[in-house]
Every structure is written in structure tokens, then in C-alpha cells.
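Colleague: Please take one part of this structure and go through it closely. I would like a plain account of what the coordinates show there.

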Amino acid sequence: MHSTLLAGAIGVAVVASLTACGSSDSAGDTLTLPSASSSTTTPAATSTTRAAAPVAVLTSDAATTALATLEALPVKGRAPKTGYDRALFGQAWSDDVTVAGGRNGCDTRNDILRRDLTDITVKPGSNNCTVLTGTLDDTYTGRTIEFTRGEGTSNAVQIDHVVALSDAWQKGAQQLDESARRNLANDPRNLQAVDGPTNGQKSDGDAATWLPPNKVYRCTYVSRQVEVKAAYGLWVTQAEKDAIVRVLGDCGGVPARVSAAPAPASAAPTTVAPPATAAIRQPVPAPAPAPAPAPLVAPVAPQGVGVHYANCAAARAAGAAPIYAGQPGYSSKLDRDNDGVACE
């Protein structure tokens, strides 16, 4: 009986031992699965947390500087679009440029995504270049947009040419050589990551035909257009210039004045005689030139009274858009958001 009890005890011990081994192996499998899973997900993305530079509202001094730069730009009519082709500005997002970010081993689109998006993840093995995901605080709409790289998702965030390439072609870029046009198409000063559908609405419009829906950004937007056009020797149309002047004026920009009046004052100290001083001071008040512009303004008002546009397309075709409240042709029917600006 003693031997029987001993055998039974040994049997229980063996069973317990075998059961414990089974638990250990099962636990081992459980522990190794995550490592196998992590080994497959590790190369998926490298996370980089960074904050994009905040979009500051343009100061009045910066707006005044932009107005001075605008004043130096030639004002001409829009040249024909004949011959325009995107390929004339080089391969899309070429890294073979001499502007900032050029020849850094990363294409321009990803350069701008890395600049403008926050909390990005980058594809491993891409030299920290290819952006897989990120968050865009869109300057054009004021909305937050989540970006995911993919065939059906990448277009949610597009890279806009602040000065559209077609617009540039019609305003001087035809005269640039291929290298300069390639730089223009990839210059970070002329590029902004934005909401895709909004970029599609802009198309190749200039400041006279399109402005960002986010009014807070409009001053910065037009000042960037002025900066780019000055850098590449492009011109503006009169309607475009007028639109930019209005936007920058809303930001406190002060147009440059021609300082011709102080000149006679400096010449006055050469006291020759009272009659001479009077002769010099006579032109200074210049009452005659002041009325001269008045006749130019007077005829415009009556002519504009009967101006009417059936729709915004007609207004743009006439080169009048956008139309501000009080201007000829303005109608509340054309002002969809009732902000005093029709056919924006």
C-alpha cells in the first residue's frame, strides 16, 4: 500500500510538471508574438514631432514694405497663354534647383510637407524625406486637415504655387530661361501646403480673381505674391495691383508718397530777395494740380451708375472682379457671403 501511494504521488508530480511546461511554452509564444509583430511594423514609419512655424498676421510695417515693392513692379496686360505647358517649368517637384532646399536629396513636395505639417511620420529608408502622415493647419481655410500618404488620400493636402505657374507664364515667365522657371516652380517662397479642394478652386487665378477664404491670411498671401514676382522679374495687371493695394491697405499698409514738396523748402534758405521767395513758394500750394484729377474722377461715377453684371463670370471677363461695395457693378446678388466684396 505504501508503494501504491508513492507511485500515485510520483504520477501527480509528473502531471503537474508537464502541465507547468505547457504553460511556459504557451507564455513563451505569447511573448514572442509582439516582437514578431513589432518587427514588421517597425519599418512602417518614423515619427517626428515638430511644430510648423505659426502664421503671423502681417504687420502694418510689413504691409507698407510690400506696397513699396509692388509699386516697383511693371504694370502690363496679361500676355496670351499660348504655348504654356507645365513641363516648361521642369519636372514636377524637381530637386535639381538652386533655391532653398534644392539638391538636398528630397523632392520639393516632401520638403514642403515636412515644413508645413506637424506631428509627421516619415518613411524609413527614405533619408528622412517621404512624409507618410501629418497634420496641416491650413492657412487658406483655417481648418485642420489630417494627411495620409496614399493613392486615394494624398490629394487631401496639395502644394499650391502662390503665384500660379500659368499666371507667371502670362506675366513674364515666358522670357525666363528653363533654369529660372524650374527655380520658380520649386522655390519655397512660392509654395504652400494647403487644402486640396480649395487649391483646385483657385486654379491659376491672381489676386484680382481669387483670394484665400481665410481672410486673416490674405495680407500674407498677397505679400508673398509680390515677393515672388519681384524676385523673378514678373509683372502685374492693373486689376491685380488694385486688388493687392486694397488687401494690404486693410492691414495698415501705407502707399509710398512722392516727396517732391520738401525740395523747395530746402532751397528757400538761400535768401535772395522777398520776391524770389514768393516765386518759389507759389508752386508749393499747387491748387491747380489738385482740381486737375477731379475731372478724371467725376466722369467715372456717372459712367459706372448703369454698370450691371449678370454673374461673376461676366464681371471677371470684364476685368472688374472682385467688386467692392460702392463700386460700379456691385450687387448683393453677387456677394454670396455678404462681406462687401462680390465675385471674390
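Modeller: Cys-106 and Cys-129 are both buried, meaning under 20% relative accessible area, with exposed over 50% and partly exposed in between (1.4 Å probe, protein chains only). This is a predicted model in which local features need pLDDT of at least 70 and side-chain atom pairs count only at pLDDT 80 or more, while totals for chains, interfaces and linings use all residues. Residues are numbered from 1 along each chain as its sequence is written, and side-chain values use heavy atoms, with hydrogens and water left out.

The sulfur atoms of Cys-106 and Cys-129 lie 2.1 Å apart and form a disulfide, the term for a pair of cysteine sulfur atoms within 2.5 Å. Its S-S torsion is about 75°, so the disulfide is right-handed. The bond links distant parts of the chain, 23 residues apart: Cys-106 is in the loop between helix H2 (60-71) and H3, and Cys-129 in the loop between E2 and E3. Helices (H or I, at least four residues) and strands (E, at least two) are DSSP runs, numbered from the N terminus.

Ser-126 is in the loop between strand E2 (117-122) and strand E3 (131-137). Ser-126 counts as buried because its relative accessibility is 14%. Its side chain reaches the backbone nitrogen of Thr-130 at 3.2 Å.

The whole structure holds 3 disulfides. Another joins Cys-219 and Cys-251, with sulfur atoms 1.3 Å apart; 50° about the S-S bond makes this link right-handed. Cys-219 is in helix H7 and Cys-251 in the loop between helix H8 (238-250) and helix H9 (262-267), distant parts of the chain 32 residues apart. Cys-219 and Cys-251 are buried.

Cys-312 and Cys-343 are also joined by a disulfide, S to S 2.1 Å. Here the S-S torsion is about -85°, so the disulfide is left-handed. Distant parts of the chain are linked, 31 residues apart: Cys-312 is in helix H12 (residues 312-317), Cys-343 in the segment after strand E8 (341-342). Cys-312 is buried at a relative accessible area of 13%, and Cys-343 at 2%. With the bonded cysteines numbered in sequence order, the pairing reads 1-2, 3-4, 5-6.

On confidence, the mean pLDDT (the predictor's confidence in each residue, from 0 to 100) is 79, and 70% of the residues reach 70 or more. Residues 266-282 have pLDDT below 50. Where pLDDT is low, the predicted coordinates should not be read in detail.

Conventions:
Polar contact = N/O pair within 3.5 Å; in protein donor to acceptor, adjacent residues only side chain to side chain. Contact = heavy atoms within 4.5 Å.
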